[in-house]
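Here's a walk through some packing and backbone details worth a look before you set anything up. Have the viewer open as you read.

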Amino acid sequence: MRVTPAVKKILSYYESENPGVKSNLARLMMQGKLAGTGKLVILPVDQGYEHGPARSFAANPAAYDPHYLFELALEAGLSGYAAPLGSLEAGADTFAGELPLILKVNSANSLAKGIGDQAVTGSVRDALRLGCVGIGFTMYPGSDYNYGMMEELRELTLEAKASGLATVVWSYPRGGMVTKAGETAIDIVAYAAHMAALMGANIIKVKPPTDMLDLEAAKKVYEEKQIPRATLSERIAHVMQASFNGRRLVVFSGGEAKGADALVEEIRQIKAGGGSGSIVGRNAFQRPKAEALELLGRIVDIYRGDA
(Lines give C-alpha, C1' and ligand atoms only; values in the text may rest on other atoms or scores of the structure.)
Protein backbone atom coordinates (compact mmCIF):
# COMPACT_ATOMS: atom_id res chain seq x y z
CA MET A 1 0.00 0.00 0.00
CA ARG A 2 1.42 3.38 -0.99
CA VAL A 3 1.69 6.09 1.62
CA THR A 4 -1.28 8.44 1.29
CA PRO A 5 -1.11 12.23 0.95
CA ALA A 6 -2.53 12.58 4.49
CA VAL A 7 0.29 10.49 5.93
CA LYS A 8 2.93 12.21 3.80
CA LYS A 9 1.74 15.57 5.12
CA ILE A 10 2.14 14.42 8.72
CA LEU A 11 5.58 12.97 7.98
CA SER A 12 6.61 16.36 6.55
CA TYR A 13 6.12 17.89 10.01
CA TYR A 14 9.07 15.86 11.33
CA GLU A 15 11.71 17.85 9.49
CA SER A 16 14.81 16.59 11.32
CA GLU A 17 13.97 12.89 11.33
CA ASN A 18 15.84 10.29 9.28
CA PRO A 19 14.15 7.91 6.83
CA GLY A 20 14.12 5.11 9.41
CA VAL A 21 12.04 7.11 11.89
CA LYS A 22 9.70 8.33 9.17
CA SER A 23 9.32 4.80 7.80
CA ASN A 24 8.34 3.50 11.21
CA LEU A 25 5.86 6.34 11.73
CA ALA A 26 4.44 5.46 8.32
CA ARG A 27 4.17 1.79 9.36
CA LEU A 28 1.93 2.83 12.25
CA MET A 29 -0.17 5.17 10.13
CA MET A 30 -0.53 2.67 7.29
CA GLN A 31 -1.64 -0.24 9.50
CA GLY A 32 -5.11 -1.62 10.10
CA LYS A 33 -8.51 -0.11 9.45
CA LEU A 34 -7.27 3.48 9.81
CA ALA A 35 -4.44 2.99 7.31
CA GLY A 36 -3.74 6.16 5.38
CA THR A 37 -6.11 8.41 7.33
CA GLY A 38 -3.47 9.98 9.57
CA LYS A 39 -5.39 8.79 12.64
CA LEU A 40 -4.23 6.18 15.14
CA VAL A 41 -5.84 3.78 17.60
CA ILE A 42 -3.25 1.90 19.65
CA LEU A 43 -3.71 -0.84 22.26
CA PRO A 44 -1.45 -0.23 25.32
CA VAL A 45 -1.07 -2.96 27.92
CA ASP A 46 1.35 -1.97 30.67
CA GLN A 47 -1.24 -2.12 33.45
CA GLY A 48 0.18 -5.40 34.80
CA TYR A 49 3.23 -3.45 35.92
CA GLU A 50 1.26 -0.43 37.06
CA HIS A 51 -1.62 -2.11 38.91
CA GLY A 52 -0.83 -5.82 39.21
CA PRO A 53 -2.18 -8.84 37.31
CA ALA A 54 -5.52 -9.41 39.04
CA ARG A 55 -6.52 -5.73 38.94
CA SER A 56 -5.61 -5.68 35.26
CA PHE A 57 -6.82 -9.00 33.89
CA ALA A 58 -9.28 -10.71 36.26
CA ALA A 59 -12.19 -8.90 34.59
CA ASN A 60 -11.33 -10.80 31.38
CA PRO A 61 -9.03 -13.74 32.23
CA ALA A 62 -8.17 -14.36 28.57
CA ALA A 63 -6.01 -11.23 28.76
CA TYR A 64 -3.55 -12.94 31.12
CA ASP A 65 -2.21 -14.57 27.92
CA PRO A 66 0.06 -12.16 25.97
CA HIS A 67 -0.98 -13.79 22.68
CA TYR A 68 -4.56 -12.73 23.33
CA LEU A 69 -3.48 -9.08 23.36
CA PHE A 70 -1.68 -9.35 20.02
CA GLU A 71 -4.76 -11.06 18.57
CA LEU A 72 -7.10 -8.40 19.94
CA ALA A 73 -5.14 -5.60 18.30
CA LEU A 74 -4.95 -7.49 15.01
CA GLU A 75 -8.60 -8.56 14.90
CA ALA A 76 -9.73 -5.03 15.74
CA GLY A 77 -7.59 -3.62 12.92
CA LEU A 78 -5.69 -1.29 15.25
CA SER A 79 -2.64 0.78 14.37
CA GLY A 80 -0.29 -0.84 16.86
CA TYR A 81 0.32 -2.46 20.22
CA ALA A 82 2.42 -1.02 23.07
CA ALA A 83 3.67 -3.12 25.99
CA PRO A 84 6.66 -3.81 28.26
CA LEU A 85 9.51 -6.10 27.31
CA GLY A 86 8.22 -9.46 28.59
CA SER A 87 4.80 -9.06 27.01
CA LEU A 88 6.27 -8.33 23.58
CA GLU A 89 8.84 -11.11 23.87
CA ALA A 90 6.04 -13.57 24.61
CA GLY A 91 4.49 -13.05 21.16
CA ALA A 92 7.25 -11.52 19.07
CA ASP A 93 7.93 -14.63 17.00
CA THR A 94 4.35 -15.82 16.53
CA PHE A 95 3.19 -12.39 15.35
CA ALA A 96 6.41 -11.19 13.70
CA GLY A 97 5.71 -8.60 11.02
CA GLU A 98 1.95 -8.60 11.54
CA LEU A 99 1.56 -5.61 13.86
CA PRO A 100 3.59 -2.46 14.61
CA LEU A 101 4.95 -2.76 18.14
CA ILE A 102 6.03 -0.09 20.63
CA LEU A 103 8.31 -1.21 23.46
CA LYS A 104 7.46 0.56 26.73
CA VAL A 105 10.96 1.08 28.12
CA ASN A 106 10.16 2.37 31.59
CA SER A 107 7.68 1.21 34.20
CA ALA A 108 6.39 1.81 37.73
CA ASN A 109 4.51 -0.48 40.09
CA SER A 110 1.89 -0.20 42.83
CA LEU A 111 4.15 -1.76 45.48
CA ALA A 112 6.41 1.30 45.62
CA LYS A 113 5.20 4.14 47.83
CA GLY A 114 5.27 7.84 47.08
CA ILE A 115 7.81 7.81 44.26
CA GLY A 116 7.01 9.89 41.17
CA ASP A 117 9.47 7.97 39.03
CA GLN A 118 9.77 4.91 36.82
CA ALA A 119 12.55 2.38 36.33
CA VAL A 120 14.06 1.86 32.88
CA THR A 121 13.04 -1.74 32.09
CA GLY A 122 13.79 -2.02 28.37
CA SER A 123 16.28 -0.73 25.82
CA VAL A 124 16.57 0.46 22.26
CA ARG A 125 18.45 -2.76 21.50
CA ASP A 126 15.47 -4.74 22.80
CA ALA A 127 13.14 -2.74 20.56
CA LEU A 128 15.32 -3.40 17.52
CA ARG A 129 15.60 -7.10 18.36
CA LEU A 130 11.82 -7.40 18.59
CA GLY A 131 11.16 -5.51 15.35
CA CYS A 132 9.43 -2.58 17.03
CA VAL A 133 8.58 0.69 15.28
CA GLY A 134 9.48 2.70 18.37
CA ILE A 135 9.97 3.01 22.09
CA GLY A 136 7.53 4.38 24.65
CA PHE A 137 8.53 6.34 27.75
CA THR A 138 6.51 7.84 30.60
CA MET A 139 7.59 11.13 32.15
CA TYR A 140 5.94 12.89 35.08
CA PRO A 141 6.14 16.69 34.65
CA GLY A 142 6.03 18.21 38.14
CA SER A 143 7.45 15.18 39.93
CA ASP A 144 10.50 15.56 42.17
CA TYR A 145 12.17 13.07 39.83
CA ASN A 146 11.11 14.73 36.58
CA TYR A 147 14.47 16.25 35.70
CA GLY A 148 16.12 12.85 35.93
CA MET A 149 13.35 11.30 33.83
CA MET A 150 13.81 14.00 31.21
CA GLU A 151 17.52 13.26 31.04
CA GLU A 152 16.81 9.53 30.68
CA LEU A 153 14.30 10.28 27.94
CA ARG A 154 16.75 12.48 26.08
CA GLU A 155 19.42 9.77 26.01
CA LEU A 156 16.94 7.08 24.95
CA THR A 157 15.47 9.35 22.28
CA LEU A 158 18.90 10.06 20.80
CA GLU A 159 19.68 6.34 20.65
CA ALA A 160 16.26 5.41 19.28
CA LYS A 161 16.25 7.99 16.52
CA ALA A 162 19.83 7.14 15.54
CA SER A 163 18.56 3.58 15.11
CA GLY A 164 15.55 4.66 13.06
CA LEU A 165 12.98 4.14 15.82
CA ALA A 166 10.21 6.56 16.75
CA THR A 167 9.73 7.89 20.29
CA VAL A 168 6.32 7.89 21.99
CA VAL A 169 6.06 9.89 25.22
CA TRP A 170 3.40 9.31 27.87
CA SER A 171 3.36 12.79 29.50
CA TYR A 172 1.50 12.53 32.80
CA PRO A 173 1.87 15.51 35.18
CA ARG A 174 1.92 14.88 38.92
CA GLY A 175 3.51 16.25 42.08
CA GLY A 176 5.24 19.58 42.57
CA MET A 177 2.95 22.51 41.78
CA VAL A 178 0.26 20.20 40.34
CA THR A 179 -2.73 19.32 42.53
CA LYS A 180 -4.27 15.85 42.29
CA ALA A 181 -7.36 17.20 40.50
CA GLY A 182 -5.08 19.37 38.39
CA GLU A 183 -3.37 16.37 36.78
CA THR A 184 -6.02 16.55 34.04
CA ALA A 185 -6.63 20.33 34.10
CA ILE A 186 -6.50 21.93 30.67
CA ASP A 187 -3.55 24.20 31.47
CA ILE A 188 -1.56 21.28 32.92
CA VAL A 189 -2.31 18.79 30.12
CA ALA A 190 -1.47 21.36 27.45
CA TYR A 191 1.79 22.13 29.27
CA ALA A 192 2.61 18.41 29.50
CA ALA A 193 1.96 17.89 25.79
CA HIS A 194 4.10 20.90 24.89
CA MET A 195 6.91 19.64 27.13
CA ALA A 196 6.85 16.25 25.37
CA ALA A 197 7.03 17.98 22.00
CA LEU A 198 10.00 20.01 23.22
CA MET A 199 11.67 16.78 24.31
CA GLY A 200 11.52 15.51 20.72
CA ALA A 201 8.57 13.12 21.00
CA ASN A 202 7.27 11.87 17.67
CA ILE A 203 3.97 10.80 19.25
CA ILE A 204 2.59 12.32 22.46
CA LYS A 205 0.18 10.57 24.79
CA VAL A 206 -1.83 12.62 27.30
CA LYS A 207 -5.12 12.31 29.15
CA PRO A 208 -8.26 14.09 27.91
CA PRO A 209 -8.30 17.43 29.76
CA THR A 210 -11.00 18.84 32.01
CA ASP A 211 -12.00 22.53 32.01
CA MET A 212 -10.23 23.09 35.33
CA LEU A 213 -7.34 25.56 35.56
CA ASP A 214 -4.73 24.53 38.12
CA LEU A 215 -1.85 27.02 38.05
CA GLU A 216 -2.74 30.53 39.20
CA ALA A 217 -0.27 32.14 36.79
CA ALA A 218 -1.76 30.21 33.88
CA LYS A 219 -5.33 30.87 35.02
CA LYS A 220 -4.85 34.61 34.53
CA VAL A 221 -3.76 34.11 30.92
CA TYR A 222 -6.52 31.63 30.05
CA GLU A 223 -9.15 34.00 31.40
CA GLU A 224 -7.66 37.19 29.99
CA LYS A 225 -7.18 35.70 26.51
CA GLN A 226 -10.51 33.83 26.73
CA ILE A 227 -8.99 30.55 25.56
CA PRO A 228 -11.99 28.30 24.79
CA ARG A 229 -12.29 25.34 27.15
CA ALA A 230 -16.01 24.80 27.77
CA THR A 231 -16.25 21.61 25.69
CA LEU A 232 -13.90 18.66 25.42
CA SER A 233 -13.46 19.30 21.69
CA GLU A 234 -12.29 22.86 22.46
CA ARG A 235 -9.87 21.55 25.05
CA ILE A 236 -8.52 18.92 22.65
CA ALA A 237 -8.00 21.64 20.04
CA HIS A 238 -5.99 23.64 22.58
CA VAL A 239 -3.80 20.63 23.43
CA MET A 240 -3.15 20.16 19.70
CA GLN A 241 -2.30 23.88 19.46
CA ALA A 242 0.18 23.43 22.32
CA SER A 243 1.73 20.50 20.42
CA PHE A 244 3.43 22.73 17.85
CA ASN A 245 0.10 23.90 16.42
CA GLY A 246 -0.89 20.38 15.41
CA ARG A 247 2.47 19.45 13.92
CA ARG A 248 2.85 16.50 16.27
CA LEU A 249 0.77 13.35 16.56
CA VAL A 250 -1.13 13.43 19.87
CA VAL A 251 -3.14 10.45 21.09
CA PHE A 252 -5.42 10.56 24.10
CA SER A 253 -5.75 7.83 26.72
CA GLY A 254 -8.99 5.98 27.31
CA GLY A 255 -8.43 6.15 31.06
CA GLU A 256 -10.19 4.05 33.66
CA ALA A 257 -12.85 1.54 32.65
CA LYS A 258 -16.09 3.27 31.74
CA GLY A 259 -19.31 2.58 29.87
CA ALA A 260 -19.02 2.08 26.12
CA ASP A 261 -21.33 4.97 25.25
CA ALA A 262 -19.42 7.38 27.50
CA LEU A 263 -16.12 6.39 25.92
CA VAL A 264 -17.52 6.67 22.40
CA GLU A 265 -18.82 10.17 23.09
CA GLU A 266 -15.39 11.13 24.44
CA ILE A 267 -13.83 9.80 21.22
CA ARG A 268 -16.24 11.91 19.15
CA GLN A 269 -15.07 15.00 21.01
CA ILE A 270 -11.41 14.08 20.51
CA LYS A 271 -12.01 13.64 16.79
CA ALA A 272 -13.94 16.94 16.60
CA GLY A 273 -11.07 18.74 18.34
CA GLY A 274 -8.54 17.50 15.81
CA GLY A 275 -6.86 14.88 18.01
CA SER A 276 -4.66 12.35 16.22
CA GLY A 277 -6.33 9.36 17.82
CA SER A 278 -6.68 7.29 20.95
CA ILE A 279 -4.68 4.79 22.95
CA VAL A 280 -7.25 2.51 24.58
CA GLY A 281 -6.17 -0.15 27.08
CA ARG A 282 -8.39 -1.20 29.99
CA ASN A 283 -11.56 -0.20 28.19
CA ALA A 284 -10.67 -2.79 25.55
CA PHE A 285 -8.82 -5.74 27.08
CA GLN A 286 -10.93 -5.88 30.27
CA ARG A 287 -14.02 -6.60 28.17
CA PRO A 288 -14.82 -10.02 26.64
CA LYS A 289 -13.36 -10.17 23.15
CA ALA A 290 -16.63 -9.82 21.23
CA GLU A 291 -17.59 -6.77 23.30
CA ALA A 292 -14.10 -5.30 22.98
CA LEU A 293 -14.10 -5.74 19.21
CA GLU A 294 -17.50 -4.08 18.94
CA LEU A 295 -16.32 -1.09 21.00
CA LEU A 296 -13.01 -0.74 19.16
CA GLY A 297 -14.94 -0.96 15.87
CA ARG A 298 -17.09 1.98 16.93
CA ILE A 299 -13.98 3.97 17.85
CA VAL A 300 -12.27 3.21 14.56
CA ASP A 301 -15.41 4.17 12.65
CA ILE A 302 -15.44 7.59 14.35
CA TYR A 303 -11.84 8.34 13.42
CA ARG A 304 -12.43 7.05 9.90
CA GLY A 305 -15.42 9.37 9.56
CA ASP A 306 -17.95 6.56 9.21
CA ALA A 307 -19.89 7.27 12.38
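Phe244 counts as partly exposed, at 29% relative accessibility. Keep in mind that this is a predicted model. Phe244 sits in the loop between α11 and β9, and its phi is near 60 degrees, a positive value in a residue other than glycine. In the chain, Phe244 follows α11.

There's another residue of this kind to look at. Gln226, also not a glycine, has a positive phi near 50 degrees. Its place is the loop between α10 and α11. Is Gln226 buried or exposed? Relative accessibility comes out at 66% for Gln226, so it counts as exposed, the cut-off being over 50%.

**Around α11**

The buried ones are Leu232, Ser233, Arg235, Ile236, His238, Val239, Met240 and Ala242. What covers them? The cover over the buried residues of α11 includes α9, β8 (203–206), α10 (216–224), β9 (249–253) and α12 (260–272).

Let's take α9 from that list. α9 packs against α11 (residues 232–242) at an angle of about 30 degrees, and their axes are 8 Å apart. That angle is why α9 counts as roughly parallel to α11. The crossing of α9 past α11 is right-handed. On the α9 side the contact is made by Ile186, Val189, Ala190, Ala193 and His194, and on the α11 side by Arg235, His238, Val239 and Ala242. The spacing in such lists has a simple background: an α-helix has 3.6 residues a turn, so residues three or four places apart point the same way.

**Other helix pairs**

Two packed helices are described by the angle between their axes and the distance between the axes. Here are the pairs side by side.

| Helix pair | Angle | Axis distance |
|---|---|---|
| α9 and α11 | about 30 degrees | 8 Å |
| α1 and α2 | about 140 degrees | 10 Å |
| α12 and α14 | about 20 degrees | 9 Å |

Moving on to α12 and α14 (residues 289–304), their angle of about 20 degrees is the reason these helices are roughly parallel to each other. α12 passes α14 in a right-handed crossing. From α12, the contact takes in Ala260, Asp261, Leu263, Val264, Ile267, Arg268, Ile270 and Lys271, while α14 brings Leu295, Arg298, Ile299, Ile302 and Tyr303.

Over at α1 (residues 5–12) and α2 (residues 19–29), the angle is about 140 degrees. α1 also passes its partner α2 in a right-handed crossing. Which residues make that contact? They are Val7, Ile10, Leu11 and Ser12 of α1, with Lys22, Leu25, Ala26 and Met29 of α2.

**Aromatic rings**

Searching the whole structure turns up four aromatic pairs. One of them is Phe57 with Phe285, a tilted pair with 5.5 Å centre to centre and 50 degrees between the planes. Phe57 belongs to helix α4 (residues 53–57) and Phe285 to helix α13 (residues 282–285), so this pair ties together parts that are 228 residues apart in sequence. Phe57 and Phe285 are both buried.

Then there's Phe70 with Phe95: the ring centres are 4.8 Å apart and the planes are at 10 degrees, so the pair is stacked. This pair also links distant parts of the chain, 25 residues apart, with Phe70 in helix α5 (residues 66–75) and Phe95 in the loop between α6 (85–89) and β3 (101–104). Phe70 counts as buried at 1% relative accessibility, and Phe95 is buried too, with a relative accessible area of 9%.

**Charges over rings**

Lys104 has its charged end over the ring of Trp170, 5.3 Å from the ring's centre. Lys207 lies over the face of Tyr172, and here the distance to the ring centre is 4.9 Å.

**A glycine in a loop**

Last stop: where does Gly175 lie? Gly175 is in the loop between β7 (166–171) and α9 (186–198). With a relative accessibility of 33%, Gly175 counts as partly exposed. Gly175 and Tyr145 are 30 residues apart along the chain, and their C-alpha atoms are separated by 9.5 Å.

Key:
Residues numbered from 1 in each chain as written. Predicted model: local features only at pLDDT ≥ 70, side-chain atom pairs only at ≥ 80, totals over all residues. Heavy atoms only, no water. Phe/Tyr/Trp six-rings, centres within 6.5 Å; stacked < 30°, edge-to-face > 60°. Helix = DSSP H or I, 4+ residues; strand = E, 2+ residues; numbered from the N terminus. Buried < 20%, exposed > 50% of the residue type's maximum accessible area, 1.4 Å probe, protein only. Lys NZ or Arg CZ within 6 Å of the ring centre and 35° of its normal. Axes fitted to C-alpha atoms, helices over the stretch in contact; angles between N-to-C directions. Parallel < 35°, antiparallel > 145°, perpendicular 65-115°, else oblique. Left-handed = near helix turned anticlockwise from the far one by under 90°. Contact = heavy atoms within 4.5 Å.
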